[in-house]
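Student: Can you take me through this structure? I'd like to start with the overall fold and then look at some side chains.

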Amino acid sequence: MQPFSGTFSYKNDNLYRRLIGDDVHMVMERLDPNIAKIRFEVQHPVAEDTQAEAPIIYQPIQIPEGVTLIVADFAIPAARIGNDFFIVTWIGNYLVLRGGNVLFRIFNQQSQAIQLAE
């Protein structure tokens, strides 16, 4: 089994961004404490005469051709909002596929904190 490549939290507004090929990035973004969206973007070309410290600019794109999201627990397609993004929740486990090949597995870690009584 491959190692984990990071985590995503529904408790903050940090994005999870991962290159999936050809300058296309998959981005997970929290919408509320239970729901996130998976969208896609490309790195905006920066002119060669700019300084190395120039910020990286990403441009949103539609879901790339051949990319699908499957609810792994039920082997059904996940909710898709037009061609713009997928919807995921912290409850499920998902597979991100491109051309039928699995790119990522998104697992619910099902962890809980335990607080001792005083």
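**Strands and salt bridges**

Tutor: This is a predicted model. The protein has ten strands and zero helices.

Student: How much of the protein counts as buried?

Tutor: Of its 118 residues, 27% count as buried.

Student: Ok, salt bridges. How many does the structure hold?

Tutor: Four. One of them pairs aspartate 13 with arginine 30, with the closest N and O atoms 3.0 Å apart.

Student: Is aspartate 13 buried or exposed?

Tutor: Aspartate 13 counts as exposed, because its relative accessibility is 59% and the cut-off for exposed is over 50%. Arginine 30, at 24%, is partly exposed.

Student: What does arginine 39 pair with?

Tutor: Arginine 39 forms a salt bridge with glutamate 29 at 2.7 Å, N to O, and another with glutamate 41 at 2.5 Å. Both arginine 39 and glutamate 41 are buried. Through shared partners, salt bridges join Arg17, Glu29, Arg39 and Glu41 into one network.

Student: Switching topic: where is asparagine 93?

Tutor: Asparagine 93 sits in the loop between β8 (85-89) and β9 (94-98). Asparagine 93 still counts as buried, because its relative accessibility is 18% and buried means under 20%.

Student: What does its side chain reach?

Tutor: The side chain of asparagine 93 reaches the backbone nitrogen of asparagine 108, at 2.7 Å. Beyond its neighbours within four places in sequence, asparagine 93 has contacts that include Ile70, Val71 and Phe107.

Notes: Residues numbered from 1 in each chain as written. Predicted model: local features only at pLDDT ≥ 70, side-chain atom pairs only at ≥ 80, totals over all residues. Heavy atoms only, no water. Helix = DSSP H or I, 4+ residues; strand = E, 2+ residues; numbered from the N terminus. Buried < 20%, exposed > 50% of the residue type's maximum accessible area, 1.4 Å probe, protein only. Polar contact = N/O pair within 3.5 Å; in protein donor to acceptor, adjacent residues only side chain to side chain. Contact = heavy atoms within 4.5 Å. Salt bridge = Lys/Arg side-chain N within 4 Å of Asp/Glu carboxyl O.
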